[in-house]
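Have the model open while you read.

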Amino acid sequence: MLFGLLCITFAIARVVPGDPARLAAGPDANEDMVETLRAKYGLDQPVPVQFVRYLRGVLVGDLGQSLRSRNAVADDLLRYFPNTFELVTLSLLLAVALGIPLGMLSAVYKDTWVDHTARIVSVSGVALPAFWLGLMLQLVIALHLGLLPLGGRLPLTASPPEPITHLLLVDALLRGQGDTFVAALRHAVLPVVTLCFPALTSIMRVNRAEMIETLKQDYIQSARAQGFSGLRIVTRYALRNAMIPTLTMIGLRYGWMLGGTVLVETVFDWPGIGLYAVNAAVSSDFQPIMGVTLLIGVNFMLANLLVDFAYGWLDPRIRRPGGA
Amino acid sequence: MTITRLGGRLLVTTLAVLVATAPAVAFERAGDRKILVFAGRQEVPTIDPSVKYDWSIRMMQQALYDGLVKYVGNPPEIVPWLAERWEVSPDARTWTFHLVKNARFHNGDPVTAEAVRFSFARTLKLNQGPAWMLSAFLKEDGIKVLGDSTIQFTLTRPYAPFLSFLPWWYVMNPKQVLANQQGDDLGQKWLTSNAAGSGPFRIKRWQQGVLYEIEAVDGYWKGWPSKDHVGGVILKLVREAAAQRAALLRGEADIVEGLSADDFDQVAKTPGIVVPNVPGMTTFGIKMNTQKGPTKDVNFRKAIAYAFDYGALVKIYNGNAVLQTSPFPNATRGHVAVPDFYRQDLAKAKELLARSAHPTGGIELEYVYVQGLEEERKMGLVLIDNLAKLGLKVKMVPLTWPNMVARGAKVETAPDMMAVFTTPVSTDPDAVAYQYHRDSWGKYYGSHFYANEEVWALIERARTLARWEDRAPLYLEIQRRIAADAPEIFGMLANRRWGMRDHVKGFVFSPVRFTGEVDLYSLAITAK
């Protein structure tokens, strides 16, 4: 699958118009300078040769060099990906933490004001563009109320901790830098809320629909007849069965969020791979585009693998050979 | 319900913690240093002076390095910097520079003629960045060290504009560069985010994609223009205009660039914020393909040029722009207002159209512009409206910058009309005139594929003459002839604007700098 992804990305990168060497050389560069760069980065070689070289590099962890930043793509990804990973993971955790209970409440109190309110929130999540929500949060929470920073990951004069995991929040904790951790958390609130909102509403909708179906099942009626409490029936018996489609949605959302953070990263100056990829795309800088695509592909696969394992944990029938 | 109450308490507690630790506003301080915060949209992917330049890169290069000479003021003047004086031979081939004796690199090494030789040779050898400015005239063996403080450049042929490009050729410390060389890269990898200069600032933090912090060099060899000079500068990347504006209003940024005309007008009304508003050298023109399609016909091109509503260009910028009066920007040396320069005259436009192959219009022209650039889109709408009066339709085609450059690279693919902003890198008229030379074909500003052998000959002759008195009449003629051939709709020069907190002093504008670029050396903060 990853090989297919590489082939498609490489092919697309080569057929789009634009001369990456000319763009990298600068607007005033003469032909001689453009040719110098073309040769330096191997762009003067036939496309199949470039592809084989690229594949060889990928196998040893060399994702090529960015024409724009002049850095190794692997180094750039190491710098930017942990930021996106933190943003997406925190957003998804928040979306799950809020989306599932809200979906549950909405199903339990179906057609009441609780349900209607939750559905309004749910429709808003689909209707509101992320950049608009981000800008509004910045305007109200950061600019007018002054509660949180406008953007970035840390205050201007603060330095990040020496990297251990390259995840800022985790590194701050591991280094015992409480102030840095709090500062980083404050900077993360608005982007996390912005990115979380569409995911939250998707999770909530799916969870609500599944819960409504599950709550109609005979075994739920039977549990009620046996006098189990409402809370126990919903959380222990209904939710577990309703979680399978919700988990699928969470897995898919994770992949979408990894590849779709660019607007949030732009609004909040979050130095992640979304911005890195877009900057590369507008400069026809192929290697970073392929590196980012590959990385997102790998993460998407891993996320869905985890979801598959979680199916088994939730439903013992899936663990058995032959499945349910 | 217990869960709901618990969640509510958690939320309230979290908000209370966040409010209690809300950040302070205004410029940053590091000890007794006042650190200016510049919120800019553009990254600084490398600061290697031999590799790349654009406004953000050059702003940092100018802060970290020195050149032999420097552009200062408006109109821009070339003033001595590392070179205290120089001589040029009568044929403009041999240039001899005498260096100041007290200049020091940041590590304490003296700035010598050998360092200058190394730096120029390195840029020529790497053949990137500013190399194009001199590579046709200067070879490595033409650079001679005549003493510790004297260096001589012997050009392969006379080139009068030589001096005008030198402000962008920065001097590096050879010892530091070679000590950090990897393989035969001449220090390229290291110089991407490290500096080996003698400039007024040194690097403090370089967090790629986040911020770049430089600190003032105490005892800078050239001295500081103000006792309140900034103690350092943080170039913070703020990529969204709305966030830039908010940062300025909230006091989290001292300077912002790149806001829209409306945003600049609005922040200018805010107490505590000033907006310098000065004409730059960046021209906006709509290049017409002079070799293919209907715009190949000079009468057709002129008809379009006379049909265009130039006043609309100024309105798009809320009045913060001036119209071009010549193919050359106003700050270019030798600029003259060409008599009867193009302004809207529909009768004349119809008369010229009648002389073309499409006397009644009836065809569609393609207008290509940069996707997402609102001003260029509005200019396209003006074009649609204006050309409809000639019976011509306009198809607006937004393209990403790489795709647009690719379209303009070949005469076969260059569109009928292409919106282009161009900033010359020098005040010498050759820097603009050469955009109409055959050698500029295929570059984004050469997408008109303008061909006039007589004009080319004038351009080639003018650049080789040493005396300005001999060059000036040639440039007068060049401007007149290019205007007569109408290879483009000569548009306007938008004003350069920045939003600044009013405690920022010492801002010195020079139109030869790129959009957004500020000379950080002269800045001061007067607030306590």
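1. Start at Gly285(B): its bridge partner in strand 19 of chain B is Phe490(B). This is a predicted model, where local features need pLDDT of at least 70 and side-chain atom pairs count only at pLDDT 80 or more, while totals for chains, interfaces and linings use all residues. Residues are numbered from 1 along each chain as its sequence is written, with chains lettered from A and ligands numbered from 1 in the order in which they are written.

2. Strands here are DSSP E runs of at least two residues and helices are H or I runs of at least four, both numbered from the N terminus. Two strands pair if DSSP finds at least two bridges between them.

3. How many residues of strand 19 (residues 488–501) of chain B are buried? It is 14 of the 14, so the strand is largely enclosed by the rest of the structure. Buried means 20 or more other C-beta atoms within 10 Å of the residue's own, exposed means 12 or fewer, and partly exposed is in between, with C-beta atoms placed from the backbone.

4. Helix 1 (residues 2–15) of chain A is hardly covered, with 1 buried residue among its 14. From first C-alpha to last it reaches 20 Å, close to the 20 Å expected at 1.5 Å a residue (the expected span is 1.5 Å times one less than the number of residues).

5. On to the largest nonpolar core, which has 232 residues. Such a core is a set of buried Ala, Val, Leu, Ile, Met, Phe, Trp, Tyr and Cys residues joined through C-beta atoms within 7 Å. Leu36(B), Met60(B) and Val233(B) have the most contacts inside it. Helix 9 (residues 178–215) of chain A gives the most to this core, 17 residues.

6. Last, the domains of chain A: the assignment gives domain 1 (2–59) and domain 2 (74–279), with bounds from an automatic or database domain assignment. Their C-alpha centres lie 38 Å apart.
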